[in-house]
Amino acid sequence: MTESPAPPSRTRSRVLLLLIVAVFAVPILAALVLNRAGWMPAHSKNYGEVVHPPIPLREIEFVHAADAREHLDNPHGIWTLLVRVPAACDAACWNAVAALGNVRTSLGARADKLRLWVLDAPAPPRDDLGTLGFASPTRPLPGRLSAPLATGPELWLVNPYGVAEMRYPPGFVPGELRKDLGKLVR
């Protein structure tokens with residue numbers, strides 16, 4: 001006996017089922033292949049270095065502004081940008097630090113959600129650094145945060161929970177920093 005071909009409605013149902021599965025499976029497979037190949041879309045790329053593992057700083061107390069003491073974790077959702085400058089911070093170094101005030105201002109209504117603290121800096125040679133706070137930790141900072149700097153300012157972005165998440169090495173580009181802050185500071 002020979003088997004007769006499947007009726008057209010059954011064949012059509014199978015083809016339709018395979019098309020439905022393909023509609024969902026092909027994008028997932030394409031994403032996996034692109035991920036394995038190392039492709040990253042440009043618009044979702046971070047410009048700073050993500051810190052692995054993140055460095056908790058919530059237990060460290062900072063002294064700033066007329067002996068006020070404060071921790072980095074806060075219930076108000078305020079991010080902190082810690083700015084480290086080398087001991088010999090020249091005019092170009094202070095220009096890079098001054099640009100951070102403009103980056104903060106560019107956040108508009110969200111500018112109050114970001115505070116800028118320059119850590120253990122010598123007295124700034126300029127008066128236009130008024131939007132920046134100058135702070136000192138009450139105990140040594142952990143890990144890479146305490147390594148000596150040779151050139152230019154280094155930035156550490158600390159989330160509202162007091163954890164350093166991103167680092168911007170000396171030579172950072174303020175526009176790229178602003179793009180990252182636009183995604184994070186809400």
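Predicted model: local features only at pLDDT ≥ 70, side-chain atom pairs only at ≥ 80, totals over all residues.
Colleague: Which residues form the aromatic pair, and is the pair stacked or tilted?
Modeller: The structure holds 1 such pair. F62 and W117 sit 5.5 Å apart, centre to centre, with 50° between the planes. Stacked needs under 30 degrees, and edge-to-face needs over 60. So F62 and W117 fall in the remaining class, which is tilted.

Colleague: How many residues apart in sequence are the parts that this pair ties together?
Modeller: F62 lies in strand β2, residues 61–64. W117 lies in strand β5, residues 114–119. The pair therefore ties together parts whose separation in sequence is 55 residues.

Colleague: Are F62 and W117 buried or exposed?
Modeller: Buried means under 20% relative accessible area. Both F62 and W117 are buried.

Colleague: Which element gives the largest share of the largest nonpolar core?
Modeller: That core has 26 residues, and L81, V97 and L100 are among those with the most contacts inside it. Elements giving two or more residues include β4 (79–84), α2 (91–105) and α3 (174–184). The largest share is 6 residues, and it comes from α2.

Colleague: Is the disulfide of C89 and C93 left-handed or right-handed?
Modeller: The sulfur atoms of C89 and C93 are 2.0 Å apart. C89 and C93 are buried. The torsion about their S-S bond is about -95°, so the disulfide is left-handed.

Terms used
Residues numbered from 1 in each chain as written. Heavy atoms only, no water. Phe/Tyr/Trp six-rings, centres within 6.5 Å; stacked < 30°, edge-to-face > 60°. Helix = DSSP H or I, 4+ residues; strand = E, 2+ residues; numbered from the N terminus. Buried < 20%, exposed > 50% of the residue type's maximum accessible area, 1.4 Å probe, protein only. Core = buried A, V, L, I, M, F, W, Y, C linked by side-chain atoms within 4.5 Å. Disulfide = S-S within 2.5 Å.
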